Amino acid sequence: MQGYIDCHCHISAADFDSDIVEVIEESKRAGLVALLAVAEHAGEFEKIIQLSQRFHGFVIPCLGVHPVQGQDPAQPRGAVLQDLDAALPLIDKYKEHIVAIGEVGLDFTPRVVSSDEGKDSQRQVLIQQAHVAKRLNLPLNVHSRSAGRPAIHLLKELGVENALLHAFDGKPSVAMEGVKAGYYFSIPPSIVRSDQKQKLVKQIPLESMCLETDAPALGPEKQVRNVPRNISIGAECIAKIKGVPLERVREVTTQNALRLFPKLKTFIKA
């Protein structure tokens with residue numbers, strides 16, 4: 001398949017409400033063939049499904065509950081099991097329309113969670129969603145900020161075979177544990193300004209990488225809205241670090257995405 005796949009973006013974010021058509025058209029012109037739209041909470045599930053219907057075969061939904069919750073970004077909190085009450089019935093309702101459960105995971109950033117109890121709550125939320133993914137035979141689209149090792153260890157304990165670790169912020173040695181478990185790692189455009197991401201790409205084999213933008217976050221410039229067409233910026237940086245042609249990066253990461261998200265082929269053709 002010719003083209004890039006953005007394996008993790010927030011196209012349902014309010015940042016795109018005013019110019020969504022233009023953003024999608026620019027993405028297609030930049031060589032994208034699909035955007036995987038991840039959710040953070042049940043309140044945006046319907047919006048993601050509507051966007052996938054509006055941009056049929058291009059915006060592909062992933063539904064899940066993020067480890068960071070709370071309506072006020074200034075006062076984030078860790079996810080608790082009650083956050084799944086509204087989400088799980090909707091995941092079942094739309095199970096034929098989604099290619100992954102996500103965005104799920106752990107976030108042990110101190111301002112989000114500082115107690116063992118809070119961390120355990122996040123673990124329980126991830127465990128429940130991993131069970132759903134297994135039942136529906138879907139991969140997980142995983143967030144693991146400040147929790148790389150705990151997230152990988154928990155996924156392995158749960159017997160999760162198919163997972164994408166998005167924008168991994170841990171050490172390359174920890175990431176390699178995920179590589180050995182068969183997990184993939186998606187690289188955002190912010191790699192151009194991140195020594196940590198560049199070190200990660202040096203060590204992880206290209207065969208374990210996918211591309212993402214995490215738009216509107218993690219763009220090439222800090223505090224500037226990121227957009228899916230920036231996918232090629234991350235790809236170009238990977239090509240430079242790995243010493244391979246850009247075409248090779250595009251080809252391998254796209255094949256990796258199709259392998260990890262097998263339902264994608266059906267949706268892109270649709």
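Start by selecting His-143, which touches His-66, Pro-67, Glu-103, Val-104, Gly-105, Leu-106, Asp-107 and His-166, leaving out residues up to four places away in sequence. Keep in mind as you go that this is a predicted model.

**Stop 1: His-143**

Colour strand E7 (residues 140-143) and you will find His-143 in it. Is His-143 buried or exposed? With a relative accessible area of 6%, His-143 is buried, because anything under 20% counts that way. Now show the side chain of His-66 as well: a polar contact of 3.3 Å links it to the side chain of His-143.

**Stop 2: His-166**

UniProt, in an unreviewed entry, gives His-143 and His-166 the annotation "binding site". The two are spread over 24 residues of sequence, yet they cluster in space, with a largest C-alpha distance of 5.8 Å. Both His-143 and His-166 belong to the lining of the largest pocket.

His-166 is buried too, at a relative accessible area of 5%. Select what surrounds His-166 and, neighbours within four places in sequence aside, its contacts include His-8, Glu-103, Asn-141, Ser-186 and Asp-214. Which side chain makes a polar contact with that of His-166? Look at His-8: the two side chains are joined by a polar contact of 3.4 Å.

**Stop 3: the other annotated set**

His-8 leads on to a further group. The unreviewed UniProt entry places the feature "binding site" at His-8, His-10, Glu-103 and Asp-214. Select these four together and you will see them cluster in space: they are spread over 207 residues of sequence, but the largest C-alpha distance is 10.7 Å. From this set, His-10, Glu-103 and Asp-214 are in the lining of the largest pocket.

Zoom in on Glu-103 in strand E6 (residues 100-105). Glu-103 is buried, at 1% relative accessibility. Beyond residues up to four places away in sequence, Glu-103 touches several histidines, among them His-8, His-10, His-66, His-143 and His-166. Other residues it touches include Val-38, Glu-40 and Asn-141. Show the side chains of Glu-103 and His-10 to find the polar contact between them, at 3.2 Å.

Then move to Asp-214, in the loop between strand E10 (209-211) and helix H8 (231-242). Asp-214 counts as buried at 9% relative accessibility. Its contacts, with residues up to four places away in sequence left out, are Asp-6, His-8, Cys-9, His-10 and His-166.

**Stop 4: a pair of rings**

How many aromatic pairs does a search of the whole structure find? There is one. Select Phe-168 and Phe-185 to see the pair: it is edge-to-face, with 5.2 Å centre to centre and 90 degrees between the planes. Phe-168 lies in the loop between strand E8 (163-166) and helix H6 (172-180), while Phe-185 is in strand E9 (residues 184-187), so the pair ties together parts that are 17 residues apart in sequence.

**Stop 5: lysines over rings**

To finish, show Lys-28 and Phe-58. The charged end of Lys-28 sits over the Phe-58 ring, 5.1 Å from its centre. Then select Lys-119 with Phe-108: here Lys-119 lies over the face of Phe-108, at 5.1 Å from the ring centre.

Methods
Residues are numbered from 1 along each chain as its sequence is written. This is a predicted model: local features need pLDDT of at least 70, side-chain atom pairs count only at pLDDT 80 or more; totals for chains, interfaces and linings use all residues. Side-chain values use heavy atoms; hydrogens and water are left out. Rings of Phe, Tyr and Trp (its six-membered ring) pair if their centres lie within 6.5 Å; planes under 30 degrees apart count as stacked, over 60 as edge-to-face and the rest as tilted. Helices (H or I, at least four residues) and strands (E, at least two) are DSSP runs, numbered from the N terminus. A charge sits over a ring if NZ of Lys or CZ of Arg is within 6 Å of the ring centre and within 35 degrees of the ring normal. UniProt positions are given in the numbering used here, feature names are shortened, and annotations may be inferred rather than shown by experiment. On a 1 Å grid over the protein atoms alone, a cavity is a set of points where a 1.4 Å probe fits but cannot get out, and a pocket is an open set with protein on both sides within 12 Å along at least five of seven lines; lining residues have an atom within 4 Å of a point. Buried means under 20% relative accessible area, exposed over 50%, partly exposed in between (1.4 Å probe, protein chains only). Contact means heavy atoms within 4.5 Å. A polar contact is a pair of N or O atoms within 3.5 Å; within protein, one must be able to donate a hydrogen and the other to accept it, and residues adjacent in sequence count only if both atoms are side-chain atoms.
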